[in-house]
Amino acid sequence: MSTKNKYSVHNFFNYGYIKLKLPKPLYNKLLDECLNAEKNEKFATGLSAEGVPGHFFIEKCYDELISFVRSAHELYEKNFPRLADIKVLTNNLSYKYGRPWVNLQKQNEFIPCHNHDGIFSYSIWMKIPYDSSKQKFSGNFHFMYLDVLGVTRSETHTLSKKDEGTLVMFPSKLNHIVYPYYKNTDTRIAISGNIMLDARI
């Protein structure tokens, strides 16, 4: 059989994610608030349960953080346009940036497989007290999705101190999980938040 015939390759359209570092001054301010987050308003979610990290709202650094998230959102839409074109509304709606929250994860705790409300979501890895590349699954951040054949696919982020200050933005309905880590009594700190369509007129 000849392989000289012309052919073309066609990939199905899909959405990905973006990663970028926070400016150091913003990271330092956020980390200071995160280290004292238990003084902030507590946030109860559908995931709140024994063995799941506690959640606390960002308060002091809200405006500065949302300003950076807005710029990350613009980058996301530049690279993956039309995610918010849900085509069921009579008019387009503006975006609303929800209140971000801090996750304080201790050893043996985990965040179960879940997705978020909204159109876009983000996580910021503020403090990673381990190197998950040295122990399989321990402390990984893990995306899960179906391919066009219905096969479960995944993408794993092995995390360590070098990832501190990194924001990852992704579609809100993309399932993800954070594995527990072991043999380390320091707290893993992350910030999460959602970007929604604002239905207020």
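Visitor: Is F141 buried or exposed?
Guide: Buried means under 20% relative accessible area, exposed means over 50%, and partly exposed is in between, using a 1.4 Å probe and protein chains only. F141 has a relative accessible area of 2%, so F141 is buried. F143 also counts as buried, at 2% relative accessibility. Keep in mind that this is a predicted model, where local features need pLDDT of at least 70, side-chain atom pairs count only at pLDDT 80 or more, and totals for chains, interfaces and linings use all residues. Residues are numbered from 1 along each chain as its sequence is written, and side-chain values use heavy atoms, with hydrogens and water left out.

Visitor: How many aromatic pairs are there?
Guide: Rings of Phe, Tyr and Trp (its six-membered ring) pair if their centres lie within 6.5 Å; planes under 30 degrees apart count as stacked, over 60 as edge-to-face and the rest as tilted. The count here comes to 13 aromatic pairs. For F141 and F143, the ring centres are 5.1 Å apart and the planes stand at 90°, so that pair is edge-to-face. In Y76 and F80 the centres are 5.0 Å apart with planes at 40°, so this pair is tilted. Both Y76 and F80 are buried.

Visitor: Which residues form one aromatic cluster?
Guide: Y17, W125, F141, F143 and F170 do.

Visitor: What touches D163?
Guide: Contact means heavy atoms within 4.5 Å. Leaving out residues up to four places away in sequence, D163 touches K21, W125 and T158. D163 sits in the loop between strand 8 (152–157) and strand 9 (166–171), and counts as buried because its relative accessibility is 8%.

Visitor: Now the overall layout. How many helices and strands does the protein have?
Guide: Helices (H or I, at least four residues) and strands (E, at least two) are DSSP runs, numbered from the N terminus. The protein has two helices and 11 strands, and from the N terminus on they run β-α-β-α-β-β-β-β-β-β-β-β-β. Of the 201 residues, 44% count as buried. Take contacts between residues at least 6 apart in sequence: 85% of them join residues at least 24 apart.

Visitor: At what angle do helix 1 and helix 2 pack?
Guide: Axes are lines fitted to C-alpha atoms, for helices over the stretch in contact, and angles run from 0 to 180 degrees between N-to-C directions. Helix 1 (residues 24–35) and helix 2 (residues 62–79) pack at about 135°, with axes 10 Å apart. Angles under 35 degrees count as roughly parallel, over 145 as roughly antiparallel, 65 to 115 as roughly perpendicular and the rest as oblique. Helix 1 and helix 2 are therefore oblique to each other.

Visitor: Which residues make that contact?
Guide: Helix 1 brings L26, K29 and L30, while helix 2 brings E64, L65 and F68.
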